[in-house]
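Me: I have a model open and want to go through it piece by piece. Can you take my questions as they come?

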Amino acid sequence: MDSLSSSDASARDEDSVVLSVTSALAKDALSYFQSAKFAECIDILNQLNHKKPHDPKVLHNMAIAEYIRDGCSNAKELLEALNYVKKQSEELAAAAKEQGEAATPGTNVSVSKDQFDSSVSILNMAVTWFHLHEYTKSLSILQPLYQNILRLDETIVHQICFLLLDSALACRDAVKFLTVFGYMEKTFGVGLGSQEENGSTMQLSSNQVSKTSSLLSSSVVSDTLKSDLTAVESSLCEENLDYDNVLAEIEAEKRMKHVGHIPTNNLLKTLGERSILSVDLKLELQLYKVRFLLLTRNLKLAKREVKHAMNIAQKRDSSMALLLKSQLEYALGNHRKAIKLLLVSGIQKDAGTSGIFNNNLGCIYYQLGKYQTSATLFSKALRDGTSLRKEKPVKLFSLSQDKSLLITYNLGILYLACGKPLLAARCFQEASLVFYRQPLIWLRIAECCTMAHQKGLLEEGITSSDRSEMRVHVIGKGKWRKLMMEENGSVELAGSAKWPKLSLALARVCLSNGLYLLSGLNDSKSDLQSTLPLDIDETKEASSSDHGEANTNSDLKEAKGGMNQAIIQSSLSAFKDIKTRENQFAKQALFANMAYVELELENPIKALSAANSLLQLPDCSKIYAFLGHLYAAEALCLLNRPVDAGAHLSAYLLGQDDFNMPFGQEDFDQWRMNVSYDCEETWDSSTGNARDSVFLKPEESRGTLFADLAALLATQGHYDQAKPLIAHALSILQNNVEATVTAIYIDLMLGSSQDALARLKQCTRVSFVPGTLEVRR
Amino acid sequence: MASEDFTEVPKPSEDFTEVPKPSECERGLAQHEDPSMMIMNKEETAILLSLLKSDLRPIDDVLSEFSSKISRSRNFIVCSSLSVLLQDLVLLRGTDRIIAFAIMYHCYSSQKPSSNPFVSDMITAACNEQVEKSERAFLLHLLQWNSYDNAKEILKQSAADYIKSFDPSTHDFPELGELQREYGDKADPGPSSHIFAEYSLSKLLHDPDVPRGCDPNSPEFDVQPGGNFKIGSGDRDEAISGILGSLTLKGLGPRWIRPCPPRFPVYQSELLWIDPDNKHELVWDDKMCADTSRGATVRDLLVKGLKVTLSPTEQEVITTELANDPKLVYHCGITPRKLPQLVEHNPQIAVEILTKLINSPEIVDYFTALVSMDMSLHSMEVVNRLTTAVELPKEFIRMYITNCISSCENAKQDKYMQNRLVRLVCVFLQSLIRNNIIDVKDLFIEVQAFCIEFSRIREAAGLFRLLKSLE
């Protein structure tokens, strides 16, 4: 403001007087802000605003102070204010630049760009979005800041980078994470050391490491914990994994108050408070490295790096390192170890993190197949979250730390596994606030619908198919993208703030949402690769391709040099592979469910289209291919095209009258992505994930083919051919109602109603009910 | 993707599952009707039952009562139920059967007999040897087959009278095939639209506990009014009303097994393990009303430096300030546009600033400014110094050299200036080559041509020799 207009000396003098007054006020405001006296702080800011009207920085700090004073309740207002400040700063900066350029050299005009720098307000916008769990938004806001990061002060650079790392992790964006991480390693020069160096330190302290990992002899573990662990361990050994036991142990430990050497829990320090000692930074980066490796599921390397992290963390704050170690063991399937480490990490003791503790323990119990315990833990985690939110004064931090929607999602998964579709759907619908961009959540809600349908929990019967649906076609891409409404649609599902009740029609909407998101994911994947250069070196390359590529390439290597380049790349590509495979399976599941739902809605044309899409997918799992053929065949039957239907079934035909196994047990393993890590603990594979989804066994699927072919032949009058087939089907699927009905039909058509009656009597799923209507004279 | 799939099936507009078949329209059957509406209700059952029993009233009378009590939209459901009852030859009495068929005929009497959806039932019964001849003749009258055209007269009688007055000797009966030909295709399709239902069967089965040979018509097991209950006794009306009350339109067909897709497995990434985030607080902007004099001296000096060469002391002030505050270089006010002026007057300072900016994304603009400024001793000095201080993009150096060479060629009017320039360029190039900054191969032809053109100048000849020695 001032120096802008000051070209003569007297004005400059006046300015300096104003400056000294205002800067004194600014200091006062800051100290009030730091001591959380927001009312006083705002008073001073108002005075400043009189002295320097429209100063963007005053407005900025005012917005922040007011937001915190009001209990962080109105994020929208804050974002608007920050956006206004940002625009204002940019305009002023542009004006100043013009003036500076236009000024004839010699007139001593010098402008500091500092005063119009909008980076702080941009950072604060990103922070706000982060707290609202809008991680992608936070990432995209930070991106331009990151590109100009060199000109920013180191303190703010730290904050930007760490926020970027956390956002990237939350988005599971390994590539973005890596670029930022590489930059931090390089710039902050903490020198995580070459691999050799790591190796030597590791060897030097390997003794200590093994101590920490065995945990019982480590000096940091208190006696109480020791007894806890033995108790927990013994209870585990007895396979008597009782939630109450564990809880009792935890409670007992809580009552012991603070005991000497328990590692202090530093998790909740602010970055600002954290002295940026190089050791701290080193530990911080090492922990992030482990989180990256866990994200990309490079468990082998993660194991090594987490040891290194434990080394750095020794006698400092090791709770995070222990937590990551627990996560590693969880990922490896060593659940007992994971529980131990989780307990030792001590995060259950802090009100801010006890919810996280309960959630993670719930995850472990879920994997162990102990759904009851898991449910108790998740609910407890949610309660911890609510009590955190009720805390006064509301801290902004507790907002971001409020993971209740994530826990709610977990609870949804659990309810679904327990066969409680209505509860599960409520959880998913709540969690959709955060996860609405994830295709999987839509699949899950659709699964809730079909499960509820099967259990007869849906209120309405089959609703008229097209009336409850509104279709909007998305046409074109990018800036040309248009939405075209299909006429004759009712607005029942769209735009209503409340979630509609579960129904098959809802399932259909959810499934198409999921498919849409998945196809978008594939598109954006290529986008991502082209916009990958969040890394400054690569942007440079992009804008100066004619200036030197070799150079930028070498820079790139340097940037990522901290971790072994080859290892990182391989774990990145492995991660991409896993992601791709998961998405492929998800797509197959979405199409299969779509075909099923359309059949249930008596809509064979759409069912056929979904089944065909499923069958056309490359690398379609045999399980889903089987379903695809079956659904397509049924839809074709309903469309009076028995010959085409037969073609789908005969794909599995072996000779004249036998069927191949449509899929084998190994296909299930592939589908569940059961990777055999070096799991140390053996646990019954029938627990947990394996029994997660009940489906036809391979042999039963073969029986289904027999039965369906028999039904098809019967409709065409080939009863003699159908008869042995249905007999075969019934020998596999003894009590199947559909097969029995088909068999009865065939018997009747062949004139042997005695046989049909015999079948009715044999089938245990027939009930003879008395006639319902009585009209007596 | 979806549009491709439609190639196999009729276009959506021709979607025949959504548009009911003509025959369905005639029957008043909507596609997705409420299942409870597909069954006859209690009231309708009672009405129908009493009508069937009115064997002493004129059939016309019965029919008009039927029309007045049963809504037209329910005709199809009533007739379907009757059709099921009629398939069992003993369930209904002879008179009941006559009335039942009369109702079936009456419901669709406004159309030709061949378009009656239940014509197949009538034909089958008319040709069935086991059916009473009186009934078969009655049906042929209803169908208006050949000489049978007396329906109107017959309907004036009561059912009982018709049977009593029936003279079997005057009738001959056609073959099934004959009738089917006559009433054509209409005699075939069932009530539903797809093959499962089309081939569906009556759901009514004979109870295995009732002996096969048992004649339900014999009065032996009828419930006698006021009489004692006998094992095996049954009430025909109760059976009929029970059947009527629970019949639905759909018949028994083969059933397709439609497995539900398995629940998607929970991958490890789906169950959310939570790590605490770092604490990200809102940041106070401490630049508010801060002393803007940061770097003011440097900025002022640099503004001066655009005009005149700075004194060594002034230069030192700038160098130290820049070293003390690594971010200052971004705020010192030297933009790419101003760079050429600084290069001309204070090349050392320019090198200092460029070296510090080398990692900034904006360095490209500074390079561009450097390449496009007029060639001079100072600009060459700056580039030369930069090459030793930092690694410059190869493309930039290449472009700069090309620029140098063309500047020499263009400076024809001033021979003195040209000589000076050429010598400078030669020395510059020699330095670059000696320091391995450039690879001669990249520029060989260009530089060689340059040397030959200016071979009169000593330095050019020297450069040429250097080139040859490297070859």
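Me: How many helices and strands does chain A have?
Reply: Chain A has 35 helices and four strands. Helices (H or I, at least four residues) and strands (E, at least two) are DSSP runs, numbered from the N terminus. This is a predicted model, where local features need pLDDT of at least 70 and side-chain atom pairs count only at pLDDT 80 or more, while totals for chains, interfaces and linings use all residues. Residues are numbered from 1 along each chain as its sequence is written, chains are lettered from A and ligands numbered from 1 in the order in which they are written, and side-chain values use heavy atoms, with hydrogens and water left out.

Me: What share of chain A is buried?
Reply: Of its 777 residues, 54% are buried. Buried means under 20% relative accessible area, exposed over 50%, and partly exposed in between (1.4 Å probe, protein chains only).

Me: And what percentage of the contacts with a separation of 6 or more comes from residues 24 or more positions apart?
Reply: In chain A that percentage is 67%. Contact means heavy atoms within 4.5 Å.

Me: Which residues of α30 in chain A are buried?
Reply: In that helix, residues 642–650, they are A:Pro642, A:Ala645, A:Gly646, A:His648 and A:Leu649. Seen down the axis of α30(A), they fall within an arc of 155°, so they line one face of the helix. The arc is that of the directions from the helix axis to the C-beta atoms.

Me: Switching to A:Ile122. Where is it, and is it buried or exposed?
Reply: A:Ile122 lies in helix α6 of chain A and is buried, at 10% relative accessible area.

Me: What does A:Ile122 touch?
Reply: Not counting residues up to four places away in sequence, A:Ile122 touches A:Lys86, A:Ile141 and A:Leu145. A:Ile141 is 19 residues from A:Ile122 along the chain, and their C-alpha atoms are separated by 7.0 Å.

Me: Which residue between α6 and α7 of chain A is found in the loop, and what is its phi?
Reply: A:His133 is found in that loop, between α6 (119–131) and α7 (135–147). Its phi is positive, about 65°, although A:His133 is not a glycine. A:His133 counts as buried, at 12% relative accessibility.

Me: What about phi of A:Arg297?
Reply: Phi of A:Arg297 is near 60°, again a positive value in a residue other than glycine. A:Arg297 is in the loop between α14 (278–295) and α15 (299–313) of chain A, and is buried with a relative accessible area of 18%.

Me: On to chain B. How do α3 and α4 cross?
Reply: The axes of α3(B) (residues 42–53) and α4(B) (residues 59–69) come within 10 Å and cross at roughly 175°. These two helices are therefore roughly antiparallel to each other. Axes are lines fitted to C-alpha atoms, for helices over the stretch in contact, and angles run from 0 to 180 degrees between N-to-C directions. Angles under 35 degrees count as roughly parallel, over 145 as roughly antiparallel, 65 to 115 as roughly perpendicular and the rest as oblique.

Me: Which residues make that contact?
Reply: B:Ile47, B:Leu48 and B:Leu51 of α3(B) meet B:Val62, B:Glu65, B:Phe66 and B:Lys69 of α4(B).
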